[in-house]
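Me: I have a model open and would like to walk through its packing with you. Could you take my questions one by one?

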Amino acid sequence: MNTLRLLQSLVVIHLTGLTLMAGTSAVSFLAFKKLSNSLDEDQAAVKYYFKKLLGLSGLLPLGAILLISSGVGLLLITHTYGQLWFQLKMGVVVALISNGFLFGARQEVKIKQILDAPESQIHLQLRQPLVRLRIFYAIQLTLFLLAIILTVTKPG
Ligand code: HEM
């Protein structure tokens, strides 16, 4: 395989990883927003749909593996380490990962605990972690967009 073919294959893998991650985040953002508006409805149904939605985040590690491994491959071919846009992009990637582990994952754990508890007033308890989860997904989507803009425009 020549270098051009390898580069093209890595870009395809990179964009597949990106689509999985950003796509899952966009769907989760909208779905949690819609579900938050129907919290007062049938509690059993609300619990069921929340559990299904939380399962979606299982796609994120697969997307991350594809995105990061192909990104490292692209880096080895293009030698862009020292360029400003790349360093800024890595800052955005660190912010994405930190936001995921420090903010998003905590809200998911809280929501799971509330859903598993035998309480009946779950809609009241779910409000705060749900608002935070929507803020989390909005931040993630903004960061994905920022990383794309940095890569395409390559400032510096
Ligand atoms: C939020 C995460 C990321 C997003 C949204 C993203 C997005 C993109 C996009 C849209 C391209 C353009 C492909 C093209 O021009 O054909 C690209 C290329 C590239 N990405 Fe990423 N990427 C991300 C993470 C990473 C990571 C973690 C690395 C390195 C470890 C990386 C390294 C690269 C390199 C070296 C290129 C080739 C740039 C060039 O044209 O010279 N990316 N990325």
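Me: Which residues of α1 and α2 meet each other?
Reply: A quick note before the answer: this is a predicted model, where local features need pLDDT of at least 70, side-chain atom pairs count only at pLDDT 80 or more, and totals for chains, interfaces and linings use all residues. Residues are numbered from 1 along each chain as its sequence is written. Helices here are DSSP runs (H or I, at least four residues), numbered from the N terminus, and two residues are in contact if their C-beta atoms, placed from the backbone, lie within 7 Å. On the α2 side we find Tyr-49, Phe-50 and Leu-53, and they meet Ser-28, Ala-31, Phe-32 and Leu-35 of α1.

Me: Is α1 roughly parallel or antiparallel to α2?
Reply: Two packed helices are described by the angle between their axes and the distance between the axes. Axes are lines fitted to C-alpha atoms, for helices over the stretch in contact, with angles from 0 to 180 degrees between N-to-C directions. The axes of α1 and α2 (residues 43-55) come within 11 Å and cross at roughly 170°. Angles over 145 degrees count as roughly antiparallel and those under 35 as roughly parallel, so α1 is, relative to α2, roughly antiparallel.

Me: How do the residues of the contact of α1 with α2 divide into nonpolar, polar and charged?
Reply: Ala, Val, Leu, Ile, Met, Phe, Trp, Tyr, Cys and Pro count as nonpolar, Asp, Glu, Lys and Arg as charged, and the others, Gly among them, as polar. By that scheme, the contact of α1 with α2 has six nonpolar, one polar and no charged.

Me: Is Leu-133 buried or exposed?
Reply: Leu-133 sits in helix α5 and touches Phe-32, Gly-104 and Gln-107, leaving aside residues up to four places away in sequence. A residue is buried if 20 or more other C-beta atoms, placed from the backbone, lie within 10 Å of its own, exposed if 12 or fewer, and partly exposed in between. Because Leu-133 has 25 C-beta neighbours inside 10 Å, it counts as buried.

Me: Which helix gives the most to the shell around the ligand?
Reply: The ligand is surrounded by 17 residues, and the closest are Gly-71, Leu-74, Thr-78, Ala-147 and Thr-151; a residue is near a molecule if its C-beta atom, placed from the backbone, lies within 6 Å of it. Helices α1 (3-36), α3 (59-78), α4 (84-116) and α5 (122-153) each supply at least two residues of that shell. With seven residues, the one that gives the most is α3.

Conventions
Parallel < 35°, antiparallel > 145°, perpendicular 65-115°, else oblique.
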